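User: I'd like a close look at one part of this structure. Could you begin with strand pairing and then move on to the aromatic side chains?

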Amino acid sequence: MLGATCHCGDVCVTVPRKPRRLTSCNCSICHRLGALWAYYPAASVKVDAKRGATEEYVWGDKMLKFVRCKTCGCVTHWASLTVTATSRVGVNARGFAREAIDGIRIRRFDGAATWKFLD
């Protein structure tokens, strides 16, 4: 088990294992967030947050909700708004301890234009 937390600790996202790779996306929101995404099946992700500690942001095609801590503002994860058996959650790997993600390959994804990996 591995946990990612926001800066103040009010939100913790627990995943079953260390990510195999990370994704740096250049879409309009990911570019601004500076997040590195680690993907997991939705059923394997546990979010622990104090009551009322999170806020959701939905925009554009309304397929994803980005979740942030209301206290410190850190985006902890995103989740699909269309839940299916193959739904996944993107966890902001910047919330993991640095040593937990050292050496993991970071793939660059062109979410701004081609929807293809650039590497």
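Analyst: Happy to! Val 11 stands opposite Ala 49 in β5. This is a predicted model, where local features need pLDDT of at least 70 and side-chain atom pairs pLDDT 80 or more, while totals for chains, interfaces and linings use all residues. Residues are numbered from 1 along each chain as its sequence is written, and side-chain values use heavy atoms, without hydrogens and water.

Strand β2 covers residues 11–15 and pairs with β5 in the antiparallel sense over four bridges. Strands here are DSSP runs of E, at least two residues long, numbered from the N terminus, and two of them pair if DSSP finds at least two bridges between them. The surrounding sheet is open, with three strands in the order β1-β2-β5 and antiparallel pairing. Its edge strands, β1 (2–5) and β5 (46–49), each pair on one side only. From one strand to the next, the twist averages 20° (axes are lines fitted to C-alpha atoms, and angles run from 0 to 180 degrees between N-to-C directions).

Now for the rings. Searching the whole structure gives four aromatic pairs. One of them joins Tyr 39 and Trp 78, a tilted pair with 6.0 Å centre to centre and 55° between the planes. Tyr 39 belongs to strand β4 (residues 37–41) and Trp 78 to strand β8 (residues 75–80), so their pair ties together parts that are 39 residues apart in sequence. Trp 78 is buried, at 8% relative accessible area, whereas Tyr 39 is partly exposed, at 26%. (Buried means under 20%, exposed over 50% and partly exposed in between, with a 1.4 Å probe and protein chains only.)

In another pair, the ring centres of Phe 109 and Trp 115 are 5.5 Å apart and the planes meet at 80°, so this one is edge-to-face. (Rings of Phe, Tyr and Trp, the last by its six-membered ring, pair with centres within 6.5 Å; planes under 30 degrees apart are stacked, over 60 edge-to-face, the rest tilted.) Phe 109 is buried, with 15% relative accessible area, but Trp 115 is exposed at 62%. Together with Phe 117, Phe 109 and Trp 115 form one aromatic cluster.

Arg 107 lies over the face of Phe 117, 3.8 Å from the ring centre, and Arg 88 lies over that of Tyr 39, at 4.0 Å. (A charge counts as over a ring if NZ of Lys or CZ of Arg is within 6 Å of the ring centre and within 35 degrees of the ring normal.)
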